[in-house]
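Work through the exercises below with the sequence and the model at hand. Each task is followed by a solution in steps.

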Amino acid sequence: MDLNAKIYIAGHRGMVGSAVHRFLKKTGYTNFILKNSAELDLINQHAVNIFFEAEKPDYIFLAAARVGGIMANNTYCADFIYQNLMMESNVIHAAYKIGVKKLLFFGSSCIYPKFAPQPMKEESMLTGVLEHTNEPYAIAKIAGIKLCDAYRAQYGCNFISVMPTNLYGPNDNYDLQNAHVLPSLIRKFHEAKLNNEPSVTVWGTGTPRREFLHVDDLAQACCFLMENYDEQGLVNIGAGEDVTISELALLIKEVVGFQGTIQFDHTKPDGTPRKLLDVSKLASLGWTYKIGLREGLKSVYAEYSTQQLSN
Ligand code: GDP
């Protein structure tokens, strides 16, 4: 990508899109197209077509998506499938029509079958049943990957898909009902510390295993792939290491400095037992993550607690 290439980051206010924007700016890119959802509704095909005709971006990072944790996926399942299908179909088709140089689509590790062999290889997609708590979202994301591959096969479009693991970092969602586990626990432990509460409640049994990657590492990996990967199929982006939810809770408790105990609420769902990505494809291309979990948690917590003070 030329440093003056016209780059459209769809979803630039979200955690992923904002990290890509930060990383590209730091690298020297200057020519961005950024629209929030009030300025451009990606669910509206007509609006998307008009926007693409007018702006004609060279490169697209398609990070716009309706996302959320285990509860949000359960509660808003229709919104999750409909909105994601519409956004990705509209953007990918418009990108083909105006002939963009390259598009990068963000999938999610929940596209892999619930009982996929661990760590999960890219080839595992569509080899088994999905975890039911996020099946509608996963189906929409699988459709996005297939759209990229089909437009590559039929029209020769250079559209690639990446599969990030669970992410955390600046601009994460800390809403307790809708957030993913890591930001939820940061908030729970932080508030429990401030209120001198005796314990924090963690959902489920604490035994599921999850992998976490700082979003700044993801942004760097995506820009690396934008430069170095031009094939169909997906590329996993993760750390290649996971922890149990109990281990995560203990680590966050320590980073936050909470002195009380941890309780597990067995009435809440565990979800997939394990979600670890096989990152050997990305490693063979020459990329590995840099920000370790403890270090990443410290920086995220420092930012979160400062924001809370200023609110
Ligand atoms: P998932 O990775 O798609 O299952 O989504 P989450 O990040 O929401 O949940 C991951 C795991 O963390 C599940 O086993 C949850 O039950 C567990 N968990 C424990 N405490 C919490 C919490 O406070 N919020 C969320 N979202 N998950 C939690």
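**Exercise 1.** Find which residues of H4 and H5 meet, and describe how the two helices pack.

Step 1. On the H4 side, the contact (heavy atoms within 4.5 Å) is made by Cys 77, Phe 80, Ile 81, Asn 84, Leu 85, Glu 88, Ser 89, Ile 92, His 93 and Tyr 96. On the H5 side the partners are Pro 136, Tyr 137, Ile 139, Ala 140, Lys 141, Ala 143, Gly 144, Leu 147, Cys 148, Tyr 151 and Tyr 155. Helices (H or I, at least four residues) and strands (E, at least two) are DSSP runs, numbered from the N terminus.

Step 2. Sorted by class, the residues of this contact are 15 nonpolar, 4 polar and 2 charged. Here Ala, Val, Leu, Ile, Met, Phe, Trp, Tyr, Cys and Pro count as nonpolar, Asp, Glu, Lys and Arg as charged, and the others, Gly among them, as polar.

Step 3. H4 covers residues 77-98 and H5 residues 135-155; their axes come within 8 Å and cross at roughly 15°. Axes are lines fitted to C-alpha atoms, for helices over the stretch in contact, and angles run from 0 to 180 degrees between N-to-C directions.

Step 4. H4 and H5 are therefore roughly parallel to each other. Angles under 35 degrees count as roughly parallel, over 145 as roughly antiparallel, 65 to 115 as roughly perpendicular and the rest as oblique.

Step 5. H4 and H5 cross in a right-handed way. A crossing is right-handed if the near helix is turned clockwise from the far one by less than a right angle, and left-handed if anticlockwise.

A note on the source: this is a predicted model, in which local features need pLDDT of at least 70 and side-chain atom pairs count only at pLDDT 80 or more, while totals for chains, interfaces and linings use all residues. Residues are numbered from 1 along each chain as its sequence is written, and side-chain values use heavy atoms, with hydrogens and water left out.

**Exercise 2.** Describe the packing of H6 against H8.

Step 1. H6 (residues 181-194) and H8 (residues 245-256) pack at about 45°, and their axes are 9 Å apart. This makes H6 oblique to H8.

Step 2. H6 contributes Val 181, Leu 182, Leu 185, Ile 186, Phe 189, His 190 and Lys 193 to the contact, and H8 contributes Ile 245, Leu 248, Ala 249, Ile 252, Lys 253 and Val 256.

Step 3. The contact of H6 with H8 holds 10 nonpolar, 1 polar and 2 charged residues. The crossing is right-handed.

**Exercise 3.** Describe the packing of H8 against H10.

Step 1. The axes of H8 and H10 (residues 293-310) come within 10 Å and cross at roughly 50°. H8 is thus oblique to H10.

Step 2. Leu 248, Leu 251, Ile 252, Glu 254, Val 255 and Val 256 of H8 touch Leu 293, Arg 294, Leu 297, Lys 298 and Tyr 301 of H10.

Step 3. This contact has 8 nonpolar, no polar and 3 charged residues. H8 passes H10 in a right-handed crossing.

**Exercise 4.** Which residues come nearest to the ligand?

Step 1. There are 18 residues around the ligand (a heavy atom within 4 Å), and Ala 179, Lys 188, Arg 210, Pro 269 and Asp 270 come nearest.

Step 2. A ligand oxygen is 2.7 Å from an N or O atom in the side chain of Lys 188. A polar backbone atom of Asp 270 is 2.6 Å from an oxygen atom of the ligand.

**Exercise 5.** Locate two loop residues and describe their backbone.

Step 1. Pro 119 is in the loop between S4 and H5. The peptide bond from Gln 118 to Pro 119 is cis, with omega near -10°.

Step 2. Lys 56 is in the loop between H2 (45-55) and S3 (59-62). Phi of Lys 56 is near 40°, a positive value in a residue other than glycine.

Key. Polar contact = N/O pair within 3.5 Å; in protein donor to acceptor, adjacent residues only side chain to side chain.
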